[in-house]
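Welcome, and please load the model in your viewer. We will walk through it stop by stop, selecting as we go.

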Amino acid sequence: MELVEKKEKKNFDFVDTIRCISMIGIVFEHCAAGGTGLYRSSFFDTVVETSVIQSFKFSTIAFFLIGGFLINHKFQEYTAGQYLKNRFRSTIKPWLFWLLVYVALMVLDRYVAYLRGGDDVLATNFFGYVWERFVFGIFYTSSWFVLNFLICICILLLFKRYLYSWGLGVSLAVLSLIYSLNIYHQWFVSTHSTALFGFVFYLWLGVMLNKYFDVVMSSIRKTSWFVLISVVVALFALAIAESFILVQLDSKDAYNTLRITNVFYSLGMFALLLKIGALDFLQRNFEPRKTTFGIYLVHFVVVVRFLPLIFQPLKLNLEEYSVWQNTGIHILRFFIVYGTSFLMVRLIQKTRFKWIIGN
């Protein structure tokens, strides 16, 4: 019994490490200073821009893999109704709270603009504007992940009887591949934040990882560090190359998470993180199990409403800056957003309102 408990704890330590690193990566992605393709005319600058953004592009798929890893046993312990009820209390309620905070802050911003002689959209179309912000918040901000994740869970619950079927996995993989191809063909909206069925495969893959964890870890342990790192570097280079091509094609979503090269890069990075295992200093200093979801909920509000208060008065002309200057601004924005979000979550944890960060 003691051995089982130790093994279980070790697995959760590994989960917390990937949670923490992936959340750092997601916040970093969302703090980009400029738009896509600012340096299209320069091969070197485009490669630098793409490399910086690509470095953490494994984070979203890693979260779905971790999510599947964790829900495997929950699916067996609870009925579908019980599981979804628990999810609503711990996930959907806090998500809705911060979504409404975002909408309220956007309305307040328009009201202040109106008082200063700006547009009168609140006076002429108040409910239309609120609904537009609500929809935008769900599908076009980082808030999309929670709803998408819940939809993915519901799909797996519908096929719970076939959860460990490789046929189900192949079907879900084909769905994900369609989204990868759509980036080029534009059959429908291509942004990954609207890919309602594009991530189910990675949740299912996380379930299978849990089921065959010992086999997977045995293979990873047998793989040398040199080989695994070399594979990850090669996949990283391929992902950069695909983004470079998409930038040249004037794609609006050249860094889409579901690019086929990024999928393989994400899986390679996930394998590398499994080999690295638990990092105690992250557990001690960041407490990812307690803070990760809260940081996710808080940070998009900080990005949308707090960062402009700092950077808009500076009137930075990003299009005229070098790739190195904009990379520096990107990193500065990341430290501000992550630091502010982390501090807010830690403070909220000490109050009776900690439910708004999922605690």
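This is a predicted model: local features need pLDDT of at least 70, side-chain atom pairs count only at pLDDT 80 or more; totals for chains, interfaces and linings use all residues.

Residues are numbered from 1 along each chain as its sequence is written, and side-chain values use heavy atoms, with hydrogens and water left out.

**Stop 1: the whole chain**

Show the protein chain as a cartoon. You will find 14 helices and zero strands; here helices (H or I, at least four residues) and strands (E, at least two) are DSSP runs, numbered from the N terminus. Now switch to the C-alpha trace, which spans about 70 × 50 × 45 Å along its principal axes. The radius of gyration is 21 Å, which agrees with the value near 21 Å for a compact globule of 359 residues; it is taken over C-alpha atoms, and the globule rule is 2.2 Å times the number of residues to the power 0.38.

Of the 359 residues, 48% count as buried. Contact means heavy atoms within 4.5 Å; among contacts with a separation of 6 or more, 84% join residues 24 or more positions apart.

**Stop 2**

Select glutamine 186, in the loop between helix H7 (166–185) and H8. Its phi is positive, about 55°, although it is not a glycine. Glutamine 186 counts as partly exposed because its relative accessibility is 46%.

**Stop 3: inside H8**

Move on to asparagine 210 in helix H8 (residues 200–211). Is asparagine 210 buried or exposed? At 13% relative accessibility, asparagine 210 counts as buried. Leaving aside residues up to four places away in sequence, asparagine 210 touches Phe69, Asn72 and His73.

**Stop 4: between H10 and H11**

Aspartate 250 is in the loop between helix H10 (225–248) and H11. Its phi is near 65°, a positive value in a residue other than glycine. With a relative accessible area of 53%, aspartate 250 is exposed.

**Stop 5: serine 266**

Follow H11 to serine 266. This residue is buried, with a relative accessible area of 1%. Show Lys57, Phe58 and Ile61 too: serine 266 touches them, not counting residues up to four places away in sequence.

**Stop 6: where H9 meets H11**

Finally, select helix H9 (residues 213–222) and helix H11 (residues 260–276). How do their axes cross? They come within 10 Å and cross at roughly 85°, which means that H9 is roughly perpendicular to H11. Axes are lines fitted to C-alpha atoms, for helices over the stretch in contact, and angles run from 0 to 180 degrees between N-to-C directions; under 35 degrees counts as roughly parallel, over 145 as roughly antiparallel, 65 to 115 as roughly perpendicular and the rest as oblique.

Show the side chains: Phe213, Val216, Met217, Ile220 and Arg221 in H9 meet Ala271, Leu274 and Lys275 in H11. By class, this contact has six nonpolar, no polar and two charged residues; Ala, Val, Leu, Ile, Met, Phe, Trp, Tyr, Cys and Pro count as nonpolar, Asp, Glu, Lys and Arg as charged, and the others, Gly among them, as polar.

Notes. Buried means under 20% relative accessible area, exposed over 50%, partly exposed in between (1.4 Å probe, protein chains only).
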